[in-house]
Amino acid sequence: MTDEKNNATIPQVEFADNVNERTPCVLVLDCSGSMRGEPIKQLNAGLAALEKELKEDIDASSRVQILIIKAAGRDETEISSDWTDAMNFNAPVMEAGGLTPLGKAMELALKKIEDQKCLYDSWGITSKRPWIFLISDGEPTDYGWEESAKICRYAQKNKKVVIHAIGTQGANLEKLAKFSLLPPKRLTGLKFTEFFLWLSRSVSCISKAAPNAESYLDDIKDWNEAK
């Protein structure tokens with residue numbers, strides 16, 4: 001049995017055993033060369049904390065689905081962790097290198113969301129509005145990224161998705177802001193763990209609440225750099 005076939009059967013098993021409404025969450029992670037060293041180390045620590053926190057939350061573990069997209073190389077994007085329920089999520093170990101193709105990564109995120117929504121519908125699974133978190137320490141380097149950003153804003157305007165842009169130190173917030181209708185936030189230092197713990201608790205709340213998460217950035221003081 002091929003890996004492709006195995007991957008194709010995973011969602012069916014999850015949906016057959018778990019008919020809960022899902023809250024899809026996509027992480028688009030800048031893993032360019034500038035993330036080498038302590039930044040990528042702290043990012044991986046944060047992802048491990050996210051895994052642990054989600055698995056320990058009874059509601060989130062069965063309701064939240066995670067997808068992680070790596071933006072690195074020249075024009076390359078990579079699915080580091082495909083759609084999986086939080087109870088089965090294993091944090092990938094990210095490596096840094098190359099440039100920052102954020103436009104292509106965000107378009108891939110939108111496509112994966114649309115495909116997953118079709119899968120939900122085919123199984124009769126309801127879902128909350130998906131979240132995308134774009135996290136970068138720089139700015140997009142791929143050709144045509146501004147058109148990709150426009151597509152992202154259009155999708156958010158039409159309530160297909162909620163997009164949050166998070167910039168670490170050195171990030172160009174002005175350019176990251178073009179991917180979302182919401183103002184970008186800046187991570188304090190390398191507080192990835194604090195951010196991902198907040199994210200876990202937030203998606204858990206959203207998974208149990210009304211399907212409108214656009215303004216749900218409450219209590220971000222532990223990781224947000226105040227202006």
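This is a predicted model: local features need pLDDT of at least 70, side-chain atom pairs count only at pLDDT 80 or more; totals for chains, interfaces and linings use all residues.

Reader: How do you know which residues Leu43 touches?

Author: The same cut-off of heavy atoms within 4.5 Å applies. Leaving aside residues up to four places away in sequence, Leu43 touches Leu29, Cys31, Met35, Met94, Phe192 and Phe196.

Reader: Why is the largest set of 34 residues called a nonpolar core?

Author: The term requires buried residues of the listed types, Leu and Phe among them, joined through side-chain atoms within 4.5 Å. The set of 34 residues is therefore called a nonpolar core. Those with the most contacts inside it are Leu27, Leu29, Leu43, Phe133, Phe195, Phe196 and Leu199. Elements giving two or more residues to this core include strand 1 (23-30), helix 2 (38-56) and helix 7 (192-208). Helix 7 supplies the largest share, 7 residues.

Reader: Which residues does the second, separate core include?

Author: This core has 25 residues, including Ala71, Trp83, Ala155 and Ala171.

Reader: What makes a residue count as buried, and what part of the chain do buried residues make up?

Author: A residue is called buried because its relative accessible area is under 20%. Buried residues make up 50% of the 227 residues in the chain. The chain exposes about 10700 Å², of which carbon and sulfur atoms supply 50%.

How values were computed. Residues are numbered from 1 along each chain as its sequence is written. Side-chain values use heavy atoms; hydrogens and water are left out. Buried means under 20% relative accessible area, exposed over 50%, partly exposed in between (1.4 Å probe, protein chains only). Helices (H or I, at least four residues) and strands (E, at least two) are DSSP runs, numbered from the N terminus. Accessible areas come from the Shrake-Rupley method with a 1.4 Å probe; for residues, only the protein chains shown count as cover.
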